[in-house]
Amino acid sequence: MKYEVEKLQGEVKITFDLTAEEWDAQVNKAYLKEKSKINIPGFRKGQAPRKMIERMYGPSVFFDEAFNGAFYDAYTKALEENEDIFPVDDPKVDVDEMKDGIKFHAIVTVKPEVTLGDYKGIKIEKVEYTVTAKNVNEELKKAQEQASRRVEVTDRAVKDGDIVTLDYKGMCDGVQFEGGTAENQELTIGSNTFIPGFEAQMVGMAIGETKDLNVTFPEEYHAENLKGKPAVFTVTVKKIEAKELPELNDEFAKNASKFETLDEYKADIKANLKKQNEEKANRENETALLTKIIEGASVEIPACMIEKQIDYIVRETEYQLSYMYRGLKFEDYLKYTGMTMEDFRKQNESRANQEVKSRLVFEAIIKAENIDVTDAQVDAEVAKMAENAKKTAEEYKKDMDPRQLDYIKNDILMTNLIDFLKANNTFEKKAKATTKKTEKVTE
C-alpha cells in the first residue's frame, strides 16, 4: 500500500493507493467474516464459496466490510508513521478510483499550530493577603455560633437573629402560586434566605400574630411567572427561639479546640488563616501568570474542538447535578432555568474556547521546553496513595486502572509545567506610592 500526505489549512489529506492484490486480500477478509450470515441454496450456511456469493448478490456484496477494513488498516498505519499528525475529529473519506485496486482519500482536521507569545521573563504584580484581628474574631464568632444553643423565647417579639417557626401563604395577583405555602417553616431572621424585605417585616411580630407582608420578587428569580412581580405573604409566627452564645474565655477554648487558653486558640486560628491566605494568594498569582501567557498566544481553534469541549462540559454538568442534588436530571435543570440545550451550549462556547486554548498553549510550552515526568515522581505519588490505602506500593500499582496512572502522570506534568513557569517569571510586590516631604525654610 502506498499513501501520500498533503497538509492543508487546518487539515491533512491522506491519499491511499492499494494494489489489486491488496484490495482482493481485504475483500477475502470480509468474505471470511461475513459468510456465516449468508444462505446460498445447495450449500450449508456459511460454506458457500466467495465467487458463488458474489455471483448471486453482486460483486460489491463485500465492498462495505472490505473498505472499512482497508481504510482502518491504512489510516492506522499512516498515523503511526506520521507522529506529527494529531487528528481532532473523525476523518471524511471518499473513494477516488477503483481500477486495478482501489484509491481513496481521507481529509481530517488536525490539532492547530500554536504561536506562543512571551512565557518567560514576565513580571506579575504579586497578590498578598494579611491576617487582621478582625479576621481572627470572625472565625471565633463562627466557632461561637457552632457552640451556641437555642433557647425558646416567650416574653418578647421577633428581633434580628432569632430563629422563627412560621406558617405562610403567598399570593400573586390574588392567586396562590406553586411553592408559596408552608407550615412550621424555620427561618433565621437576617439570614436573607427569603425574598428581599420578607424577614425585615417580621421584626416586631409576636407569637401567634398574623401579618400580611408585601414583597416583590427579584427580576432574576428562577420562576419565570414570578420575576419582578409583587406578592403578599400571610405569615403567622408560631415560635421564637434565640441563639445563646458561650462566653469567649479559656473554658470556651478548651471545649472548642485542643488548646488550654483562648490566646493559644487565637494564635492557632491566626496561623491557619495565614496558611489559607498564602494558598489563596498562590492560586491567584498562578492564575494571573497563566492568563497572561494564554492571552499572549495565538491559535486558530477548529469548531469541532470547541463542540467536543462543550460535550465534555455537558457531561460534567450532568454528573455534578446528579451528585450534588441527589439525582437531578440535566433535562429538569434546563426546564428549571428556562434554557434549551442549544442555549446551554451557546452559553458555554466562550468557556469551551478558553479551555481548549489553554490546553493547546500548555502542550506547546511542554513540547518547546521538553518538560516531562520522571519515573521517580510517579513512584513517589503512587507510594503516597498506597500509604493512604494501607497497601504497599507494589500491591497498589498492581490493582491500578491504567487510566488512573495516566491521570497521575498528567497531574504531575501540569505541576512540573507550573513550577517551570513560576521559576522563569517574576512576581513583584506592588510599589507603594511615595510622597517627597519638603521642609519650609524660614530665615
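Me: Axes here are lines fitted to C-alpha atoms, for helices over the stretch in contact, with angles from 0 to 180 degrees between N-to-C directions. So at what angle do the axes of helix 8 and helix 11 cross?

Reply: Roughly 110°, and the axes of helix 8 (residues 303-324) and helix 11 come within 9 Å. That makes the two helices roughly perpendicular (65 to 115 degrees; under 35 is roughly parallel, over 145 roughly antiparallel, the rest oblique). Bear in mind that this is a predicted model, where local features need pLDDT of at least 70, side-chain atom pairs 80 or more, and totals for chains, interfaces and linings use all residues. Residues are numbered from 1 along each chain as its sequence is written, and side-chain values use heavy atoms, without hydrogens and water.

Me: Which residues of helix 8 and helix 11 make the contact?

Reply: From helix 8, Met305, Ile306, Gln309, Ile310, Ile313 and Glu316 take part. Helix 11 brings Glu349, Arg351, Ala352, Asn353, Glu355, Val356, Arg359 and Leu360. Contact is heavy atoms within 4.5 Å.

Me: How many nonpolar, polar and charged residues does the contact of helix 8 with helix 11 have?

Reply: There are 7 nonpolar, 2 polar and 5 charged residues. Nonpolar is Ala, Val, Leu, Ile, Met, Phe, Trp, Tyr, Cys and Pro, charged is Asp, Glu, Lys and Arg, and the others, Gly among them, are polar.

Me: OK, on to helix 7. How do the axes of helix 7 and helix 11 cross?

Reply: At roughly 90°, with the axes of helix 7 (residues 262-296) and helix 11 coming within 10 Å. Helix 7 is therefore roughly perpendicular to helix 11.

Me: And which residues in helix 7 and helix 11 meet?

Reply: Leu290, Ile293, Ile294 and Glu295 on the helix 7 side. Their partners in helix 11 are Gln354, Lys357, Ser358, Val361, Phe362 and Ile365. Sorted by class, this contact has 6 nonpolar, 2 polar and 2 charged residues.

Me: What in helix 12 meets helix 14?

Reply: Gln377, Val378, Glu381, Val382 and Met385 do.

Me: Last one: what are the helices runs of, and where does their numbering start?

Reply: They're DSSP runs (H or I, at least four residues), numbered from the N terminus.
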